Amino acid sequence: MKLQIINGPNLNLLGVREPDVYGKNSFTDYLDNLRKTYPDVQIDYFQSNIEGEIIDKIHETGFAYAGIILNAGAYTHTSIAIYDAIKAITTPVIEVHISNVHAREEFRHHSLIAGACKGVIAGFEFDSYRLAIEALIKNN
Ligand code: DQA
């Protein structure tokens, strides 16, 4: 089973960026643990600050992988182009957020991409990604 994790803008700074909101741990350490937890699952990782590169990765994996776990960062709240990319593919996409976006600023309450996704998981810190993997395994 092949899964693709995609992290969007500013998520390269996890561990450094606003640690009170996003935690103090690096995502690469978390990813290592995730791969150990699911030895039978191929978990590929891609991060980009560029909207078009995220869309290219969705196209590239969106017909071959069993699932995409997408934290689109702030593009969640702005990107019709990412919504369209998710609509265009056949692989199920789960929208994830580290923080509980609904408990934060109002502009984070609305997702432009959620309507194209299979589901949304938010607010469980890095564990949001593992919960998305569990959902994809169950629905596979
Ligand atoms: C985020 C929430 C977004 O509102 C924000 O722009 C991010 C991170 C999260 O994982 O909590 O960059 O997607």
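Residues are numbered from 1 along each chain as its sequence is written, and side-chain values use heavy atoms, with hydrogens and water left out. As the model is predicted, local features need pLDDT of at least 70 and side-chain atom pairs count only at pLDDT 80 or more, while totals for chains, interfaces and linings use all residues.

We may start with the sheet. Five strands form an open sheet in the order S2-S1-S3-S4-S5, with parallel pairing. Here, helices (H or I, at least four residues) and strands (E, at least two) are DSSP runs numbered from the N terminus, and two strands pair if DSSP finds at least two bridges between them. Strand S2 (42-47) and strand S5 (119-122) stand at the edges with a single partner strand each, so one side of each has no neighbour in the sheet. From one strand to the next, the twist averages 20°; axes are lines fitted to C-alpha atoms, for helices over the stretch in contact, and angles run from 0 to 180 degrees between N-to-C directions. Within the sheet, strand S3 (residues 67-71) pairs with strand S4 (residues 93-97) in the parallel sense over three bridges. Isoleucine 69 has isoleucine 94 in S4 as its bridge partner. Helix H3 (residues 51-61) packs on the sheet and touches S1, S2 and S3 (contact means heavy atoms within 4.5 Å), and its direction makes about 170° with that of S1. Helix H2 (residues 27-37) lies across strand S1 (2-7) and S2, and runs at about 165° to S2.

The structure holds six aromatic pairs, where rings of Phe, Tyr and Trp (its six-membered ring) pair if their centres lie within 6.5 Å, and planes under 30 degrees apart count as stacked, over 60 as edge-to-face and the rest as tilted. The ring centres of phenylalanine 27 and phenylalanine 126 are 5.5 Å apart with the planes at 80°, so this pair is edge-to-face. Phenylalanine 27 lies in helix H2 and phenylalanine 126 in the loop between S5 and helix H5 (127-139), so the pair ties together parts 99 residues apart in sequence. Phenylalanine 27 is buried at 5% relative accessibility, and phenylalanine 126 is buried with a relative accessible area of 9%; buried means under 20% relative accessible area, exposed over 50%, and partly exposed in between (1.4 Å probe, protein chains only). Phenylalanine 126 also forms a tilted pair with tyrosine 30, at 5.2 Å centre to centre and 55° between the planes. Phe27, Tyr30, Tyr45, Phe126 and Tyr129 form one aromatic cluster.

Charged side chains complete the picture. The structure holds four salt bridges, each a side-chain nitrogen of Lys or Arg within 4 Å of a carboxyl oxygen of Asp or Glu. Among them, lysine 57 meets glutamate 60 at 3.0 Å, N to O. Both residues lie in helix H3, three residues apart, about one turn of the helix. Lysine 57 is buried at 14%, whereas glutamate 60 is exposed at 54%. Lysine 57 lies over the face of phenylalanine 46 as well, 4.9 Å from the ring centre; a charge sits over a ring if NZ of Lys or CZ of Arg is within 6 Å of the ring centre and within 35 degrees of the ring normal. In helix H5, arginine 130 and aspartate 127 are three residues apart, about one helical turn, and form a salt bridge with the closest N and O atoms 2.7 Å apart.
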